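Me: Hi! Could you walk through this structure with me? I'll just ask things as they come up.

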Amino acid sequence: MTVQTRGAQPVGTTGEQDAAAAVQAMFDSIAPRYDLLNHILSGSIDRFWWWRTARRFRHILSHPQARIADICCGTGDMTMALLRRRPPLAAPVLAVDFSHQMLMRGAAKFAKHGAIAVEADALHLPIADGTLQLLTTAFGFRNLANYEAGLREFHRVLAPEGELGILDFSEPGGILGKLYAFYFRRILPRIGRLLSGAGSAYAYLPASVGRFPAPREMLATLESIGFRDVRWTPFTFGIAGLYTARKP
Ligand SMILES: C[S@@+](CC[C@H](N)C(=O)[O-])C[C@H]1O[C@@H](n2cnc3c(N)ncnc32)[C@H](O)[C@@H]1O
């Protein structure tokens with residue numbers, strides 16, 4: 001069971017190019033209020049998730065020459081969590097996003113701390129084969145128009161023994177899952193619409209999590225593409241989780 005033909009599909013879009021253009025336009029439109037809304041809607045627990053993700057890769061981040069990219073970096077909080085673990089004079093981290101408005105806000109945070117902003121599509125990275133020791137992506141992978149193509153591209157740019165970290169939302173089970181689903185599907189889109197004025201963007205969020213493959217499917221796809229040591233670690237009762245994998 002793999003995720004071969006799946007990817008994000010905002011309402012009203014047909015085909016991958018159309019979906020990607022809609023995602024890009026949506027993030028450009030919410031960029032000015034993205035950080036504020038993110039922290040309100042997540043109760044700032046996202047800071048802990050970025051920190052935990054960076055800590056998981058501290059053995060790579062501590063190497064000054066390690067080549068690292070944070071894909072779908074947006075306004076740069078995952079990138080900043082990585083940079084905090086880099087030693088002085090370390091090689092810069094590449095911070096990639098295709099939304100100009102998100103990336104400019106990210107660059108304002110991370111440029112002076114050792115990251116380089118790259119405006120590019122995650123499905124067509126301007127990075128040579130076998131380059132990176134670490135590729136991370138936080139809350140971006142779910143938005144790709146083709147999940148399997150995304151994983152293949154990440155595999156291409158990683159060096160042998162390079163590691164992958166994908167942090168994204170998940171749908172927890174049990175009673176907590178039901179409560180969370182109520183918040184995520186009913187309350188969050190309303191608050192998002194009120195505060196951002198972009199109703200469709202915050203209706204898209206729970207819809208995109210609903211479309212996102214379950215951990216079992218993602219792990220099978222990672223393996224089928226050639227990753228090894230694939231694992232999913234739930235964060236905060238499985239509201240979010242971190243996929244880790246290694247390119248052999
Ligand atoms: C929810 S934001 C996450 C930003 C940041 N990583 C964080 O943790 O806050 C998702 C980001 O993914 C970017 N994105 C989505 N699809 C992309 C693609 N195909 N190529 C590059 N960036 C993409 C969006 O522009 C947006 O900035």
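Me: Is Leu 89 buried or exposed?

Reply: Leu 89 is exposed, because its relative accessible area is 84%. Exposed means over 50% relative accessible area, buried under 20%, and partly exposed in between (1.4 Å probe, protein chains only). This is a predicted model, where local features need pLDDT of at least 70 and side-chain atom pairs count only at pLDDT 80 or more, while totals for chains, interfaces and linings use all residues. Residues are numbered from 1 along each chain as its sequence is written, and side-chain values use heavy atoms, with hydrogens and water left out.

Me: Where does Leu 89 lie?

Reply: Leu 89 lies in the loop between helix H4 (77-83) and S2. Helices (H or I, at least four residues) and strands (E, at least two) are DSSP runs, numbered from the N terminus. Leu 89 also has a positive phi of about 65 degrees, although it is not a glycine. Most residues other than glycine have a negative phi.

Me: And what about the phi of Ser 44?

Reply: Ser 44 is not a glycine either, and has a positive phi of about 65 degrees. Ser 44 is in the loop between H1 and helix H2 (45-56), and with a relative accessible area of 29% it is partly exposed.

Me: Switching to the ligand: which residues are closest?

Reply: Cys 72, Asp 97, Asp 121, Ala 122 and Ala 138 are the closest of the 20 residues that surround the ligand. A residue counts as near if one of its heavy atoms lies within 4 Å of the molecule.

Me: What polar atom of Asp 121 lies by a ligand nitrogen?

Reply: A side-chain one, 2.9 Å from a nitrogen atom of the ligand. Polar backbone atoms take part too: one of Cys 72 is 2.8 Å from a ligand nitrogen, and one of Ala 122 is 2.8 Å from a ligand nitrogen. The protein covers 97% of the 590 Å² of accessible area that the ligand has on its own; such areas come from the Shrake-Rupley method with a 1.4 Å probe.

Me: Which residues have the most contacts inside the largest nonpolar core?

Reply: Trp 49, Phe 110, Leu 167 and Phe 169, in a core of 51 residues. Helix H1 (residues 16-42) gives the largest share of this core, ten residues. A nonpolar core is a set of buried Ala, Val, Leu, Ile, Met, Phe, Trp, Tyr and Cys residues joined through side-chain atoms within 4.5 Å. Apart from it lies another core of 28 residues, including Leu 132 and Leu 222.

Me: Last one: why is helix H6 largely enclosed?

Reply: H6 (residues 147-157) is largely enclosed by the rest of the structure because eight of its eleven residues are buried. Among them are Tyr 147, Glu 148, Phe 154 and His 155. At the start of H6, a side-chain oxygen of Asn 146 reaches to within 3.1 Å of the backbone nitrogen of Glu 148.

Definitions and conventions: A polar contact is a pair of N or O atoms within 3.5 Å; within protein, one must be able to donate a hydrogen and the other to accept it, and residues adjacent in sequence count only if both atoms are side-chain atoms.
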